Amino acid sequence: MAPSVEVPESVGEVVGALAGEGSVVLAGGTVVMPEVNTTAHDLRALVSLRRAGLRGIEVDGGRAVIGAATTLAEVGKHERLAVLRPVIESIASPTIRNLATVGGNLFVKQPYGDLAVALLALDAEVDVAGPDGASSTRPVADVLRDGAGEREVVTAVAFDVPDAAAWRYTKAMRRKQNSASIVTVAAVLGLDGGTVGAARIALGGAGAKPVRATAAEQALTGGPLDHDRARAAGEAALQDAEPFDDAYASAWYRGRVLPVHVRRALLGE
Amino acid sequence: MAIQSEQIDRSYFAEGRDDDFDVIGTPVQRSDALGHVTGRTEFFEDRNPPGLLHLKMARSERHHALLKAVDVAPALAVPGVVKVLTHADVPANWYTILRLIGVEPNDEPVLPEDRVLYKGEPIVAVIATSEQAALQGARAVEVTYEDLPVVLDVEEALADDATAIKPHGTNYFVYEGHHCRRIRFGDVDAAFAEADHVFEWRYQSSPIEHAPTETTGCIVIPQADGRLLIHSDTQACFFTLDNTALILEVPFGKLRVMGGTVGGGFGGKVDVTLEPIACIAAMATNKPVKYVYGREEEMQISSPRAAERIYVKDGVMDDGTIVARKVTLYVDAGAYSRHSPYGTTKAAAHMPGPYNIPNVWVDAHCVYTNRTPSSAMRGFGVTIGDFALESQMDRIARALDMDPLHLRLINAYRDGDMKAHRKVAEGTALIEVIQQAAQLVGHELPAELRTMTVYSPASDGWTFLIKNP
Amino acid sequence: MPKSYIEVLVNDEPREFLVQPGTTLLGALREELGLTAAKRGCGQGTCGTCTCIVDGEAVMSCLVPVETIQGADVRTLEGVARDGGELDEVQAAFLEGFATQCGFCTSGMIMAAQALLAENPDPSREDVVRAISGNVCRCTGYESIINAILDAAQRRRATGGVQYVEGGV
């Protein structure tokens, strides 16, 4: 009834510990521990990543590789990842960010998971370890869509660090701090002179999972980044969105403000 | 940096002031603040007696249903579960806050006998050696429901064809034979007929949860002398003591309540809904028992401020004088009375607000629905009424293109005015408060409104027919 | 299931004890060590009343299984006052600034403030708001708490970090 807590010291041991029935990965604990603490649950073993060697940030030649158990606070302090600081600061509180992990953010339910939205815009790649030494690298979109297998664990996340000029991020919240997303917009814009050559736009609070706003991307690319095109992209973003009701905002409200926040994010307003 | 003390403005009400204050106006340290900043203040859950058992409730999943069968055997089979309590274990199975002074009817069972009236209503109490075991036991209880019609709207609840959800046969609290609290003062219909304008608007509030940082709870510890020691975060130790004794059918001296340390009350910790069943559990097991709400229970199950629906119809003259006010008010008490009948009485008495209106008609209903029972919170009965009344005043002012402060000043009540529920107003200060507030924010008032006082008589031009107050 | 053996440093004292598997740091402090200043307001990491400092970082202690922090350096409110019970600057500022009413959030607030001031001795108002953004207070409206933390920072800077303040009313 009380779950055991395993603290393995390698990825292999983590995967081995996940073989047991009712075992789950315990990263920052921000999702698993509320369940353990407050509900009648059937978890038998919590497999902690704390000592499995999955913390750390390397930035080499513009590419960042972040261990899955790296905390959000650690990402927020890294001088080469300053461009992501607004993302980190928009998530929860320092007391959560000191625990919550990069890997864990891929598995939280919307409207949480703002780093996941950013990683989707960044087209990040996710390393996943599985049984019998299996290891693979997957697009973050696949992990967000399919999750990971019961006996798999995310070990690292990698992406090209965008220039500050190319990066867009906004999170609309009911409070200024420590509040879940009404809508989140993250974008990497390839700007060639004044023209948008390529765009990757990801949305949070816009569906059961983070969403690539492909219609918005199409509306934006091939022209200047001006008010009319940004507005059109904002409107187009609704096509890929399935806003939902929750305690933070209604689906109606999310649908109303999504185009506005997309437009403002793109224009850097 | 010490806190600045406020200056008391002694220029108001110069005659009749008696303010040789020693303490008022000076900063006085809270007696418990030292304990708070050192972490030594004892909240109920800071007790950790050996052998502590944990109580969790199996709760209704339906809004309104008969309990055809309740099978607790699966709960008893959960490792760690030591007992399950049902209504049969409760000596006097009624919680009504005012039982002690004979206010009827008893309408809320400690544990239901044959039906549930709101989603989340406790059905049986599971006692176990750990919280997790108690939660597992509560989850395992099997309940067979027969759904009954659900009433969720206060006006629908009062319709002729509505299902009566209460055993006394009506969806309203009966006030001395009447279906609501009534104020009848003057003749509103005659005044409406003479008024230059008639404004009617509708107001609706939602239930509001206190959300105290500390959830509601208690620990009951059997004592060596056979008494029960109750550590509770109740705001009302004597409510707890008295109601628990009545429910347990024990002499009051058998219970000892240690409390007074409340991690946020705001009115949410005045009902006695945890201690009695925890006491029964402690007596049944002869062990200490803790019953504490989880955060979700606190948000969903614990009583909120009542939602209210209020219709305010005013007869108003061109110069802004309100000559008639008709208020139809519905308090959503949810499934059980708790403090709502009292709150609704306060609501009626509070009408028509701090204004001298010669014709007033009020029907204030305390209505039962299949919602979480509402209860006390910060000025309950009055606060939401004021939201409606003051919104109404602003809307009238807007409709008449009038300064909203002017509107209030010319209608303000004064010492000596007869209020609608037939008490003479005394100690009024609305006029002076508005004048001071206007001055503080730099809102200009015309001379005659700056000089009026709660003592100056209303001029004839502003008083209308008062019929048989 | 057999209990787990835990060794941690708590307020500079080495402590060792047994816990049921899965016990959180909060549970261990309150139930094994008698350190009840950290509170349980939600068990879900949303209220902040459980805030403690682990290896220099303010965390929600209700979310940390104590078995995952063997050997860690844990600080709680009980370790904040100086020898002889004299209050530190944050405690004194809360006391004198009326920054505590029911007291339930106070431990978490003070520990969040301690973590902030250890890292940033001259915080802006915004820094303070950020530091306590995980701590819910339902009584004060936060202004007195923010002011007390800024006041404490000033006191600490003025005395070079050590100030003995007489406790009491």
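1. Start with B:His231, which sits in strand β10 (residues 228–232) of chain B; helices (H or I, at least four residues) and strands (E, at least two) here are DSSP runs, numbered from the N terminus. B:His231 counts as buried because its relative accessibility is 4%. For the cut-offs, buried is under 20% relative accessible area, exposed is over 50%, and partly exposed is in between (1.4 Å probe, protein chains only). Setting aside neighbours within four places in sequence, B:His231 is in contact with B:Phe44, B:Arg47, B:Gly217, B:Cys218, B:Ile219, B:Ile221 and B:Met258, where contact means heavy atoms within 4.5 Å.

2. A word on the ground rules. This is a predicted model, where local features need pLDDT of at least 70 and side-chain atom pairs count only at pLDDT 80 or more, while totals for chains, interfaces and linings use all residues. Residues are numbered from 1 along each chain as its sequence is written, chains are lettered from A and ligands numbered from 1 in the order in which they are written, and side-chain values use heavy atoms, with hydrogens and water left out.

3. Chain B as a whole: its secondary structure comes to 13 helices and 15 strands, and its C-alpha atoms fill a box of roughly 80 × 65 × 35 Å along the principal axes. Of the 469 residues in chain B, 53% are buried. Among contacts in chain B with a separation of 6 or more, 78% are between residues 24 or more positions apart.

4. Now helix α11 (residues 404–411) of chain B. It is largely enclosed by the rest of the structure, because 6 of its 8 residues are buried. Those are B:His406, B:Leu407, B:Arg408, B:Leu409, B:Ile410 and B:Asn411. The buried residues of α11(B) pack against β14 (322–334), α10 (383–399), α12 (430–440) and α13 (447–451) of chain B.

5. On to the cores. A nonpolar core is a set of buried Ala, Val, Leu, Ile, Met, Phe, Trp, Tyr and Cys residues joined through side-chain atoms within 4.5 Å. The largest one has 73 residues, and A:Leu81, A:Leu106, A:Leu115, A:Leu119, A:Phe159 and A:Trp167 have the most contacts inside it. Helix α6 (residues 114–121) of chain A gives the largest share of this core, 7 residues. Not counting residues up to four places away in sequence, A:Leu115 touches A:Leu72, A:Val87, A:Ile88, A:Ile91, A:Val102 and A:Asn105. A second, separate core has 43 residues, including B:Tyr203, B:Val327, B:Ile384 and B:Ala388.

6. Chain A is divided into domain 1 (4–48), domain 2 (57–160) and domain 3 (166–267); domain bounds come from an automatic or database domain assignment. The C-alpha centres of domain 2 and domain 3 of chain A are 20 Å apart. Their contact takes 21 residues from domain 2 of chain A and 27 residues from domain 3 of chain A.

7. Chain C gets domain 1 (4–78) and domain 2 (89–159). Over C-alpha atoms, 21 Å separate the centres of these two domains of chain C, and 16 residues of domain 1 are in contact with 13 residues of domain 2.

8. Last, have a look at C:Asp88, in the loop between β5 (73–75) and α2 (89–96) of chain C. C:Asp88 counts as buried, because its relative accessibility is 3%. Leaving aside neighbours within four places in sequence, C:Asp88 is in contact with C:Val80, C:Ala81, C:Arg82, C:Gln114 and C:Arg156.
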